[in-house]
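Here's a quick tour of a protein fold, written for someone just getting started. Have a look at the picture first, then follow the notes below.

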Amino acid sequence: MNVVQALNNPANLDAFLRAKSVALVGATERSIWSNATFRNFADLGFKGKVHPVNPKGGFIHGLAAATSCQAIGEFVDAALLMVPTDVIPEAFADLNAAGIRNAVVLTSGFAEMGSEGASRQADLIGHARKHGVTLLGPNCLGFINLVDKVPIWTIPLPSRLAGSVAVVSQSGATAAYIADFAGRQGVGLSYIVSTGNEVDLNVARVVDYLVDDPATKVIAIFLETSRAAETLASAAHRALLAGKPIVALKIGTSEITAKAAQAHTGSLVGDDRVFSAACHQLGIIRVDSIEAMVATAALLAQVKPITKPKAAAIAISGGVCEIASDRFAALGVTMTPFAKKTVDDLREIMPAFGTPHNPLDVTGAAMLKPELFEDSLKILGRDPEIGLIAGLFDLPDGNEDGFANTVAKHLGTGLNATGLPGVLISVAPKPVPEKTLAVAQANNIAYLGSGVHHGLSAIANAFWWSERQRKPFANPLAERAAGTTSGIRPGSERETLDYLEQAGVPTIAARIAKSANEAAAMAESFGGAVVLKIASPDIAHKSDIGGVRLNVRGPEAAAEAYDGIITAVRAARPDAALDGMIVSPMRSKGLELFVGVLRDPQWGPAIAVGLGGIWVEALKDTSLRLLPVAPSDVLEMLGELRSSRLLDGYRGSPAVDREAIAEVVARIGDAALALGPDLVSLEINPLLATHDRVEALDGLAVWDDDAAEGAHV
């Protein structure tokens, strides 16, 4: 194992994140960072040694300060660097002399400050590599290990409640907000890690470590950008195999347009949507708020995977039941009608004015007979299709022996008797103080103080993740690495279609006419209507400049169309090289689809499928996946389209062959991968589908140097 491999080995993080001795380099009682960090060791109950380090020596934070790390005179697991940027080289040399191989760098003023800061950051990682130091930061708040009580953390502790949810964030302040909110919701944390500028340790590597951490059941990550996509993909794949959910909140919706030229794909496959596709394939649950992140992580940390497809809910309010029903419907969670036996059994215990349907309103009768909750839950647990039961009720926040406490006991007994995943959710968002948490724990209840909106969203996420874990899956980035490059580099439309045909993609028959007479002869040989399109390596979208004629019938019309196209194109693009005219049979029936491949700077090639022709831009209705894809993946993509119903026939139009489409799209994806890393985008628009045929009618490949030189712009 070389030095870089050793540094990237997740096992090396154990001594860092579970450090038993820490050097505070740059410690001084005049620094709010130093004071807060030292106070955290006492507040969390750190059992190891803390060594203040300051060139002036003396006593700092009540302890004798060493003048350097080397002067400490004993082994130290990790250091916190709180020194100015110009002192960093000296600090690293001192770390090396002392044998300290792990460091948190609080100091800012690096890549976040522009080119000069980026240069300093490059020097920083150079020092870390030179001295074999695993580095967290710079520009980060550090980390807290709440399980082992290790806080190398430079602001007041956001939470001291230990548990099984880990928070990893590129933003230190956001990590603190997430942790604080989790604590207020009664959600215990195992780790809080701020990665900052990520010159060495990044979110992906920390996640990779946490997949194997026995104290962590769920990993929650906050991302500003995706780094080390291969490492994150590998970690996510391992996490899914291990049954350890990852919940991701990522900001940023900018689109990749710089290299996409005129290919539609650039405006349809933004980096944010590629990240969503990666999450889908890798089993990462993507959320859009801190509240949703905490609720989802809290639920998954408390309940086992769901094995049946449908949900049930129970409340003491008809209105709350209706809210739950609407919310579940919006989230795509199926609330099954109860089985006949379930309905009959509920009728036996419910008052005559109650209605035994899902969601179940136990009615006001439960005020006098709170055991209705328990008895109803036991019946629901026997329903053959219910996979999870949600109770909608607020646990008490005091010690009173009132109705809420009695209901809590019956809810706990009932939920536990079902043997199913079950959760109790507050009706509206509210804090979960220690007394409420104690009630939940005493009755063995998984409880969320998130309110119905976020609580049911968490349930929807749990259903999705449970289903994803049960399905066969692979890491697309790992599969991609096993592929081969063709060495072919198609440029024109016809070259692109010829390449695809060699790759097993059915394409439209075509010939290149060099004159009006040749176009006429070709039209006659094809028989019926034909299409004429200008052939030019410099023109991507031909119809915009009069470069296409449709439904041309007969030799004379073909010759006239040839001359008309040449005239129009030369007027619009006098600089363009013209290779002649593509003549193909006219296809008048079928559904036009769009297939586009674009290379994302972090995640690599991704493929989009949607309606083709003019609709691809008008509707932007596409589904995305990272390449490679199997036909089964493409079938799933087709089902995700808002326009999916059109594939099954609409208002008299015949249905298309979904399985044939899926096979062809998967081949297009494989063909794009084989073109290698210089391919910026590959676009087939349209891919024409009928009930018995799938055929590529147009193709465009854009290469790295094309985009850089401004070709097709």
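In which sense do strand β6 and β7 pair, and over how many bridges? Strand β6, residues 102-105, runs parallel to β7, and the two are joined over three bridges. Keep in mind that this is a predicted model.

**The five-stranded sheet**

- Reading across this open sheet, you meet its five strands in the order β2-β1-β5-β6-β7, and the pairing is parallel.
- The edges belong to β2 (49-53) and β7 (134-136); each has a single partner strand, so one side of each has no neighbour in the sheet.
- Helix α3 (residues 32-44) lies across β1 (21-25), β2 and β5 (78-81), and its direction makes about 160 degrees with β1.
- Helix α4 (residues 88-98) lies across β5, β6 and β7, at about 165 degrees to β5.

**The seven-stranded sheet**

- Another open sheet has seven strands, in the order β9-β8-β11-β10-β12-β13-β14, and here the pairing is mixed.
- Its edge strands are β9 (150-153) and β14 (284-287), and each of them pairs on one side only.
- From one strand to the next, the twist averages 20 degrees.
- Inside this sheet, β10 (residues 162-169) and β11 (residues 189-194) are a parallel pair held over five bridges.
- Look along that pair and you'll see Val-168 facing Val-193 of β11.
- Helix α6 (residues 172-184) packs on the sheet and touches β9, β10, β11 and β12 (218-223), with its direction at about 160 degrees to that of β11.

**Helices that pack on each other**

To describe two packed helices, you give the angle between their axes and the distance between the axes.

*α6 with α11*

- These two pack at an angle of about 55 degrees, with their axes 10 Å apart.
- That angle makes α6 oblique to α11.
- The crossing of α6 and α11 is right-handed.
- On the α6 side you'll find Tyr-177, Ile-178, Phe-181 and Ala-182, and they meet Ile-290, Glu-291, Met-293 and Val-294 of α11.
- Sort the residues of this contact by class and you get seven nonpolar, no polar and one charged.

*α11 with α18*

- The axes of α11 (residues 290-302) and α18 (residues 451-470) come within 8 Å, crossing at roughly 55 degrees.
- So α11 is oblique to α18.
- α11 passes α18 in a right-handed crossing.
- From α11, the contact takes in Glu-291, Ala-292, Ala-295, Thr-296, Leu-299 and Leu-300, while α18 brings His-454, Ala-458, Ile-459, Asn-461, Ala-462 and Trp-465.
- By class, that contact has eight nonpolar, three polar and one charged residues.

*α24 with α25*

- Helix α24 (residues 631-640) packs against α25 (residues 658-674) at about 120 degrees, and their axes are 8 Å apart.
- These helices are therefore oblique to each other.
- Their crossing is right-handed.
- The α24 side of the contact is Pro-631, Val-634, Leu-635, Leu-638 and Gly-639, and the α25 side is Arg-658, Glu-659, Ile-661, Ala-662, Glu-663, Val-665 and Ala-666.
- By class, you're looking at eight nonpolar, one polar and three charged residues where α24 and α25 touch.

**Aromatic rings**

- How many aromatic pairs does the structure hold? There are six.
- Take Phe-16 and Phe-143: their ring centres are 5.7 Å apart and their planes stand at 90 degrees, so this pair is edge-to-face.
- The pair links distant parts of the chain, since Phe-16 sits in helix α2 (residues 13-17) and Phe-143 in strand β8 (residues 142-145), 127 residues apart.

**A look at Met-367**

- You'll find Met-367 in helix α14 (residues 365-368).
- If you set aside its neighbours within four places in sequence, Met-367 is in contact with Ile-316 and Phe-403.
- Met-367 and Ser-492 are 125 residues apart in sequence, and in space they are 76 Å apart, C-alpha to C-alpha.

Note on methods:
Residues numbered from 1 in each chain as written. Predicted model: local features only at pLDDT ≥ 70, side-chain atom pairs only at ≥ 80, totals over all residues. Heavy atoms only, no water. Pairing = 2+ DSSP bridges. Helix = DSSP H or I, 4+ residues; strand = E, 2+ residues; numbered from the N terminus. Axes fitted to C-alpha atoms, helices over the stretch in contact; angles between N-to-C directions. Contact = heavy atoms within 4.5 Å. Parallel < 35°, antiparallel > 145°, perpendicular 65-115°, else oblique. Left-handed = near helix turned anticlockwise from the far one by under 90°. Nonpolar A, V, L, I, M, F, W, Y, C, P; charged D, E, K, R; others polar. Phe/Tyr/Trp six-rings, centres within 6.5 Å; stacked < 30°, edge-to-face > 60°.
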